[in-house]
Amino acid sequence: MCKALLKIKVAACQVMTTEDIEFSKNRVISFLEIAAAQQVDLVLFPEATLSGYSNRAEFWATARPEAFEAAERDIAAACKRLKLAAVVGSAFQGPGGWINGLAVFEKDGRLIGRYGKTFLGGDSWCTNFAARIPLIKVAGANVCFLICRDVRYPELVRLPAAMGAEICLISSCESGLLAERKMNAYRAMAIARAFENGIYVVKANTPADPDNLRRQGSSHGKSCIVSPEGEVLREAGFFEECIISEEIRLGAAHGHTAKRTLIEKTVLNEWYREGLNHVERIAADDPGELH
């Protein structure tokens, strides 16, 4: 099918997270079942889906990579069974220690890539992942990634968008509702990353807990799907655990604004071109080295 006419159904899963990796893995699979019933092609989960957004030193002192790897194998098997691609917040070990990352699963169950959070916020348990920015083809779409605070650094989207990214997936566990002053900015940044690049944005954030607004692993919800023109196509509420989904036409992700940075002879032209060296394409049929 012509890429301009190709449609896929994308979804954001707004779900509360917990430190219980086995429990979290089972919840992911339950939501994958729901997404598959809705004929979703690609579903995104929040930051640290499997472990919760935890800075507890006691948790990370006893956490084992094998527990995350076992959970990922079960999620991969579910993706294969359901013929559904998924991006799940999962920690992994890098050269300097734990990485706050995303695991990218293709519809056939293969783990085809990883993204590690670039700009850390209050993540005292993990380190920056010194690798190139992945641009991964998954579920037929060219996809780039942000985790939470990364959204404040537009170049992490601009560079892959200039190379053909059609969707930016933002996986978050942002400040809770008590940080009321930040709410407008959080919403605006997801919209801006879509409009300023001419690509889709899918954002999955954790909800708020109505019984405990300070609960660890909770945020303020408002997961969303945004068009390349900056239109919010779907948006979740503050408190609900849910899946929001939308069928999108990949041809609408034109990326014109991002690609102009490589064409027009501005003072930034060479700077952007040099930046492309930090982006690595990973095709679904050629996973290469995992990141």
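Me: What makes the radius of gyration of this chain agree with a compact globule?

Reply: The radius is taken over C-alpha atoms, and the globule rule is 2.2 Å times the number of residues to the power 0.38. With 291 residues, the rule gives a value near 19 Å; the chain has 18 Å, so the two agree. The C-alpha atoms fill a box of roughly 55 × 40 × 40 Å along the principal axes.

Me: What kind of model is it, and which atoms count?

Reply: It is a predicted model: local features need pLDDT of at least 70, side-chain atom pairs count only at pLDDT 80 or more, and totals for chains, interfaces and linings use all residues. Residues are numbered from 1 along each chain as its sequence is written, and side-chain values use heavy atoms, without hydrogens and water.

Me: Why is Lys 25 called buried?

Reply: Buried means under 20% relative accessible area, exposed over 50%, partly exposed in between (1.4 Å probe, protein chains only). Lys 25 has 5% relative accessibility, so the residue counts as buried. Lys 25 sits in helix α1. Beyond four places in sequence, Lys 25 touches Leu 50, Ala 71, Asp 74 and Ile 75; contact means heavy atoms within 4.5 Å.

Me: How do you know that α1 has the span expected of a helix?

Reply: Helices are DSSP runs (H or I, at least four residues), strands likewise (E, at least two), numbered from the N terminus. The expected span is 1.5 Å times one less than the number of residues. Helix α1 (residues 21-37) has 17 residues and reaches 24 Å from its first C-alpha to its last, close to the 24 Å expected.

Me: Which residues of α1 are buried, and why do they line one face?

Reply: They are Ile 21, Ser 24, Lys 25, Val 28, Ile 29, Phe 31, Leu 32 and Ala 35. Down the axis of α1, they fall within an arc of 165 degrees, so they line one face of the helix. The arc is that of the directions from the helix axis to the C-beta atoms. An α-helix has 3.6 residues a turn, so residues three or four places apart point the same way. Their cover includes β1 (7-14), β2 (42-44), α3 (65-82), β3 (85-89) and β14 (242-249).

Me: What makes Thr 17 buried?

Reply: Its relative accessible area is 2%, so Thr 17 falls in the buried class. Thr 17 lies in the loop between β1 and α1. Its contacts beyond four places in sequence include Glu 47, Tyr 53, Thr 206 and Arg 215.
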